[in-house]
Amino acid sequence: MSRFPRKMGATTSSPSVAMQAATAVTQPQAPSSPPGCPMHEAPKEASSASGCTMHNISAELNPEQKTSYPIPAHQERAYEFVECPMKASTKGKNKMPDDIDPRNMMPPPNQTPASNQPFPLSTVREESSIPMAASDKHWVYPSEQMFWNAMLRKGWHWKDDDLHSEDMTNIIKIHNQNNEQAWHEILKWEALHAKECPCGPALVRFGGKSKEYSPRARIRSWMGYELPFDRHDWIVNRCGKEVRYVIDYYDGGEVDKHTYQFTILDVRPAFDSLSAVWDRMKVAWWRWTS
């Protein structure tokens, strides 16, 4: 469970009391392995929630219904770049279409090295533990090459003393760890709704809002505390109900060389519904009385 330093007060991002009662039904499914990998051809055992409608929703939806949860362009062919442990992927050399996906107006993943790129970067992508809504797959993280190209699109320019190839490897590991940590905190909040959604949540979409500070972050800054260096809003599907989570990212100091953690996360449901307000009130009460 993430906590702010003592000077920030007891700002645990998610409830721990309810987690003990619902851990079994809210843990994310183990990430599936890349299709066709010889290590994983044996049939998997059915989990306790395998018959849940949420896990079979993709097959049951008709084409019109599936447009409610379109698979982003950067995820649609992502498994082509997830490396099998027994053989290196060679599909990363394939070029992606350069058109824009009309379903979400997102460009396809760019795995092509930039014209002035000083060193080669990996095109291998890692599968996350985060379930994708209306799918039996998980979200897949960007490769080093995709991350580099994304930074160039945002106006960043490489200089000789800026980055080395090993730095990009570390950046990807930190990025992935931050997302896994955020999802773990969301699961703790979702444990409060384990009875109504025994299958557990799935991520629908997300977006960065680094310049749009949340009211909570602004109030803290007025009290003399630091502002977060980033903010994300994640939309989660709770068995058919969309729930928005706000995630503030604070600098936690030196990067842990073993876990690649350095960020302190403040994760909570947004005040978008009475249910979210009630969850926040219950957790606040537990913190004061525990």
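**Ground rules.** I number residues from 1 along each chain as its sequence is written, and side-chain values use heavy atoms, with hydrogens and water left out. Because the model is predicted, local features need pLDDT of at least 70 and side-chain atom pairs count only at pLDDT 80 or more, while totals for chains, interfaces and linings use all residues.

**Confidence.** I looked up pLDDT, the predictor's confidence in each residue, from 0 to 100. The chain averages 76, and 64% of the residues score at least 70. Residues 17–31 fall below 50; beyond near neighbours in sequence, that stretch has 31 contacts in the model (contact means heavy atoms within 4.5 Å).

**The sheet.** Next I traced an open sheet of four strands, ordered S3-S4-S5-S6 with antiparallel pairing. Helices (H or I, at least four residues) and strands (E, at least two) are DSSP runs, numbered from the N terminus, and two strands pair if DSSP finds at least two bridges between them. Which strands stand at the edges? They are S3 (202–208) and S6 (263–269); each has a single partner strand, so one side of each lacks a neighbour in the sheet. S5 (residues 241–251) pairs with S6 over seven bridges, and I found Asp248 opposite Asp266 in S6.

**The helix.** Then I turned to H5 (residues 144–153): seven of its 10 residues are buried, so the rest of the structure largely encloses this helix. Buried means under 20% relative accessible area, exposed over 50%, partly exposed in between (1.4 Å probe, protein chains only). Among the buried ones I noted Phe147 and Trp148. The buried residues of H5 pack against helix H6 (165–190). Just after H5, Gly155 has a positive phi of about 100°.
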